[in-house]
Amino acid sequence: MLSNEIETAQRHVRTDAYQMSIGEVVTMYENKEIIIDPEFQRLFRWTAGQKSKLIESILLGIPLPSIFVFETENGDWELIDGLQRLSTLLEFMGKLRQPDGTMAPPSVLEATKYLPSLRNSVWEKSNQIADLGEDDQRPLDRTFHLAIRRARLGVEILKRPSDDSTKYDLFQRLNSGGSQANAQELRNCIMLMVNRDYFRAIKSAAESAVFQEILGISEEQTERQRHMEMAVRFLVHTGLDYDGILDVEEFIDEGIVTLARQQNAIESVSKIPLTFGLLNEALQGNALRRFQGGRHVGRVSLVGLETIAVGIARNLDSILALGAAGGVEFIKEKAQTLWDQPDCAGFNSLGLRGTTRIQRTIPFGTRWFRP
């Protein structure tokens, strides 16, 4: 069984590997033969210290990890892993294109542990560097330019006919161990790969004031993409039934790709403003909080999202058929009395696994909010 699964999966993957100089890779980027998704650049940003350590490593002769690319139908390479490394090099050399097509200002290095003299070092002097005047800039000698351009970089190539699913999975596996990205940031990138307009529609809905207020999303949580995570969880649980096999996080990962590929993907995002608009009219910011002793208490939990918000979304047409006032009153009554139901006692049990929880919360919410 396992050997057959391995053999089947391996048929979907074809790889190749090159050793290239950084100069060759940069030239390919200038010729638009290596594609860095501009919106990825917005999602991932290294600090000046991290960038400086990369240049330090190259100058010290420390080998860099390979970058991974996906070979497109026309032979170009789409960067899957190595965004920070390649972007850092291009930015330092003054060759990084911004999302609008203009050139990004060159970066300035900081002192590092082994090379403190890198402080204020630049590739070459530039008046585009905002925080450091040209008189204070220290351009690298040509010798160091050559050392950087000649440094070797491994390029692992995922070749056609590897399918798109392999590309998304590889991206996630390569990046999931890094500190620069959390699970939702990786999902954001995968959504961008699969369906850019779908990602943008979710982002717009998740950034609405009503959505964030009902979910109790703080500014700090927004920075960590919590609003996007909750929007994605809502859409996946609303649109797909959990089979009980995958880990919850893997189910969300796989589910959002499945939804993004559907013909009506963008239209389906409308369930976010419709559902949360009704919740706002019914109970405003308390809509997903536990109702106990005649008042709403505690924080918004995944249980509230899964039972109330998803339950309403799965019955949206029937609830809307009750009329504006009738639908709002129905939601208010059902959302508050839900917490007194015996089933709810098992939704927050200590040590309860997520896989078990969603097999309880989603079906219960679906039944409970059926008019």
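Contacts between residues 24 or more positions apart make up 68% of those in the protein chain with a separation of 6 or more. The model is a predicted one. Its protein chain holds 19 helices and nine strands, and 47% of the 371 residues count as buried. The accessible surface of the chain is about 18700 Å², with 47% of that area belonging to carbon and sulfur atoms.

Helix H4 covers residues 48-59. From first C-alpha to last, the twelve residues of H4 reach 17 Å, close to the 16 Å expected at 1.5 Å a residue. Gly61, which follows H4, has a positive phi near 80 degrees. Within H4, the buried residues are Lys51, Ser52, Leu54, Ile55, Glu56, Ser57 and Ile58.

Glu56 lies in H4. Glu56 is buried but has no salt bridge. The side chain of Glu56 instead reaches a backbone atom, the nitrogen of Tyr114, at 3.0 Å. Tyr114 is also among the residues that Glu56 touches, together with Thr112, Lys113, Leu115 and Leu118, when residues up to four places away in sequence are not counted.

Conventions
Residues are numbered from 1 along each chain as its sequence is written. This is a predicted model: local features need pLDDT of at least 70, side-chain atom pairs count only at pLDDT 80 or more; totals for chains, interfaces and linings use all residues. Side-chain values use heavy atoms; hydrogens and water are left out. Helices (H or I, at least four residues) and strands (E, at least two) are DSSP runs, numbered from the N terminus. Buried means under 20% relative accessible area, exposed over 50%, partly exposed in between (1.4 Å probe, protein chains only). Lys and Arg count as positive and Asp and Glu as negative; His and the chain ends are not counted. A salt bridge is a side-chain nitrogen of Lys or Arg within 4 Å of a carboxyl oxygen of Asp or Glu. A polar contact is a pair of N or O atoms within 3.5 Å; within protein, one must be able to donate a hydrogen and the other to accept it, and residues adjacent in sequence count only if both atoms are side-chain atoms. Contact means heavy atoms within 4.5 Å. Accessible areas come from the Shrake-Rupley method with a 1.4 Å probe; for residues, only the protein chains shown count as cover. The expected span of a helix is 1.5 Å times one less than its number of residues.
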